[in-house]
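Hello,

I am passing a structure on to you today, as promised.

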Amino acid sequence: MPDKPIHVLLVEDSVGDARLLREALAETGAGRFRVVHVPSLREALGALSSAPSCEVILLDLSLPDSAGLETVERMHAAASSLPIIVLTGLDDEQLGLEAIRRGAQDYLLKGQADGRLVARAIRHAVERKGLELERERLLDALGRARDELELRVRERTADLHRTVTRLEAEVRARALAEEGARVSEMRLRLLLEQVPAIIWTTDAELRVTSSYGVGPAAVALPPRARSAKPAPAGRAPEPQALAPAAHRRALAGESLSYEVHLSDRTYHCHVEPLRSADGAIAGCIGVALDITEHKRLEEQHARVREQLHQAHKLDMIGRLAAGLSHDFGNVLATVAGYTSLARRHLPDDHPACRSLDAIDEAAQQARGMTHALLSFGGRVRMAKRPLNLRAAVEESVRLLHHALPASVELAVSLPEPPLWIEADPVQVQQVLLNLALNARDAMPGGGRLEISLAPASEAQARAVKSRPGVSPAAACLAVRDTGEGMSAEILPHVFEPFFTTKKRDRGTGLGLSIVHGIVTDLGGRIRVASAAGEGTTFTLVLPCVAPSPAAGPEGSSAAKREGLIALVGGDRHVRGVMAAALSSLGYDVVHADDPEALLAEHEMCRDRLRLVVLPAEVLKNGGEWFGRLRGAEGLLPAVVIADEADPVAEGTLPRGVRVLRRPFQMTEFRDLVCRVLER
Amino acid sequence: MARTVSILIVDDHESIRQLLKDRLRAEPDMTVVSHVDNAEAAVVEAIEHKPDVILMDIDMPGLSAFDAAARITARCPNSRVLFLTAFVKDRYIESALAAQAWGYVTKTEPPEAVIKAIRDVSRGFAYFSREVQSRLVVDSKGVRLAEKGRTLASTLTPREREVLCYLAQGRSKKSIAEIMCISVKTVDFHCSHLMEKLDIHDRVELARFAIREGFVDA
């Protein structure tokens, strides 16, 4: 079968060349090539659009409307799918090669191309172009396939990534859940180990199947069940504290709470049905909490509330007492005043004098009680000072005589010489009255109350903070009764506030705590020894102090001292205060505004004058009178009062003149005077 | 013969005035020139009679006895005020010293103590209990209570004292603010300051302190 003819578009402006080529092609075989000839590029382009069957283009480069390589480029641009064979002159082979680079398939040299060569070139060009096009198609298909593959890879990768992320999240969530479960388990374990609680489960026959926590002892489970691990099932004991009735109700579907008391402890329990996965009741689950401590605190709170109530009541009584005592004090002052007035009008041996003395004593006692009442309520400030304990005890005993019934024999033993402590006399009075009245109440049928004061033993003194250089270091005050005594259970509580064994309306429970407070405040110690039926002894050890050189016996005027002291000049008020201080030392004191007045006094009692006290400014203005006053020997001592900044100096003053700088405390002044005069 | 001491008695209690009058008249060296029942009248009578000693109660309604004492001291330099009181409180002593009073005698002491006190004061001797005497300090301005022994109350400002009085009376901060015409915040400020100074941090204890120190009556 003959081959299908190849359609050739011949673009050649030379008619002769075109004919030669046609003829050459025809020689290769009739009908093998069907040639369309056009003389210009324009027409060639038109022919391509009107004759799409063209399979190859034979293109002369020198055309009337285009020349050289431009012709190749334009043609290739217009028919890129068709093979182009360039026809060049003999001397333009180089141009042909260049044309191939620009898209042509081949080039033929005009004049040298015979029919067969041209036909072969045409066939090769068509074949090559076909292969090229096929290759391009394949490459194109390959590119698309690659793109599609890449897209699918990307999609798959994204899928994988999403899956991995999800899996990672799931892993993390699972880890968290596991950690949560572990922590939860730990919490529960810790709770059950630390809290006095137990959690248990039972089966439907109320046999304990498991128990956790340290509470088993609490609910009296046998030791085997008292571990933090579940008790082995099947060997579960019969629980004593599981309140079978409550558990039976739980088995019937009820949740309920109850309290049990076992071995002096109280437990709050809660029990409810234990359901299996299908919701059926398989047993009970219960929890018990040891609330003994909670109960104890509740009771303690109630007690404290009661005590607070008592304290408020006492505070109100204190306020009331303070208000009353003011008016009461006026009444007592009136009673004592008129008693004293009546006494003045009667001779000492008048029979009414004894009655008046008794009234006076009662009034004094009432005044003491008023003061004690006020100090108890904190309405007056305690003023501690060196106190002759013996005198203070004597005073308290005097009051006691009236408070004790005849059935109580009072025996008092006091030492010589006096023991000095630092205290307010009211404190001593309160201590003794409280102890003695307690003793009285402990001897309803009568008995003996002993109060004894003595220097403390060395061992006793060691228990208190004693002052260095004071002997004896401490005083021992004992109050002993032959009453009912106290049991060993009561004894440790006697000093606790509001602790009382008396009936509600008989005692506040504050007496001994007040005593304890006072003794502690005084730096001392108190001990109690007692046994039921054998009486009670309170022993107080109080640190001693040295009596100050200026201190006279308490409650009486100062011991009289020999000599006269003169104060001259300065502010009258200040002088009055200083004069009073010297007078309280037991000296006679004269004072005057100016030296002249003093000299007049001095003339009268020159022999008795032992000291002159004067401000520095008086001294500066009158050295002459001072010389006269000191006498020919110039031996009379003097104390000059000067301000801190005053240039007066002891060294520049006559012998025997001492300087006391303002400000000074009255005790310093008294001590200086004592030192000067008792040297 | 000893000079007669002229005395003015100031006490709002009729029975005490009568007693003192009767009792002092029994002393040959004493004469009661007048007796009144309040501090205001005491100032008038003191200026009128210029007595040697004015025996004056502290707790009286009306003008404060300490104010009256200061006025009398200023107007009558030769008259000496001696306080007569039911109880001794530090604040009383401080106020008495500030008013240049010559001492105090408590009503719990026997009447003879009052007579001795009057006699001492008339002779130019102050009359304080031994315990108080030990705590007196002489400085360039006169006599005061020892620094160490000074009451915590004396560290309070007048405003704080006022707030303390109202607190002790059980008033709310709001009501105190209204009375003092200040804001509740300012009351709070005074309150926290005075509590800090006194080292007392609850109202009951504060009330007890105020009563003990004589800021309010029980």
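This is a predicted model: local features need pLDDT of at least 70, side-chain atom pairs count only at pLDDT 80 or more; totals for chains, interfaces and linings use all residues.

Residues are numbered from 1 along each chain as its sequence is written, and chains are lettered from A and ligands numbered from 1 in the order in which they are written.

Chain A holds 17 helices and 25 strands, and chain B has ten helices and seven strands. Both element types are DSSP runs numbered from the N terminus (helices are H or I with at least four residues, strands are E with at least two). In chain A, 31% of the 679 residues are buried; in chain B, 47% of 218 are. Buried here stands for 20 or more other C-beta atoms within 10 Å of the residue's own, exposed for 12 or fewer, and partly exposed for anything in between, with C-beta atoms placed from the backbone. Among contacts in chain A between residues at least 6 apart in sequence, 63% join residues at least 24 apart; for chain B the corresponding share is 61%. A contact is a pair of residues whose C-beta atoms, placed from the backbone, lie within 7 Å.

Now to the sheet in chain A. Five strands form an open sheet in the order S2-S1-S3-S6-S7, with parallel pairing (a pair needs at least two DSSP bridges). Strands S2 (33-38) and S7 (106-109) of chain A are at the edges with a single partner strand each, so one side of each has no neighbour in the sheet. From one strand to the next, the twist averages 25°. S1 (residues 6-11) and S3 (residues 56-60) of chain A pair over four bridges, and Leu9(A) stands opposite Ile57(A) in S3(A). Helix H1 (residues 15-27) of chain A packs on the sheet, touching S1, S2 and S3 of chain A, and its direction makes about 175° with that of S2(A). Helix H4 (residues 93-101) of chain A touches S6 (84-88) and S7 of chain A, at about 165° to S6(A). These angles run from 0 to 180 degrees between N-to-C directions, with axes fitted to C-alpha atoms, for helices over the stretch in contact.

The interface takes 43 residues from chain A and 41 residues from chain B. On the chain A side, H7(A) gives the largest share, 14 residues. A strand pairing also crosses between the chains: two bridges join S25(A) to S6 (residues 136-139) of chain B in the antiparallel sense, with Phe664(A) opposite Val138(B).

Which residues touch the most other members of the largest nonpolar core? In this core of 93 residues, they are Ile54(B), Leu55(B) and Leu82(B). A nonpolar core is a set of buried Ala, Val, Leu, Ile, Met, Phe, Trp, Tyr and Cys residues joined through C-beta atoms within 7 Å. H13(A) gives the most to this core, with seven residues.

Lastly, Val33(B) is found in strand S2 (residues 30-36) of chain B. Val33(B) counts as partly exposed because it has 18 C-beta neighbours inside 10 Å. Its contacts include Ser6(B), Leu8(B) and Pro51(B).

Best wishes

Conventions. Two residues are in contact if their C-beta atoms, placed from the backbone, lie within 7 Å. Lists of a residue's contacts leave out its neighbours within four places in sequence.
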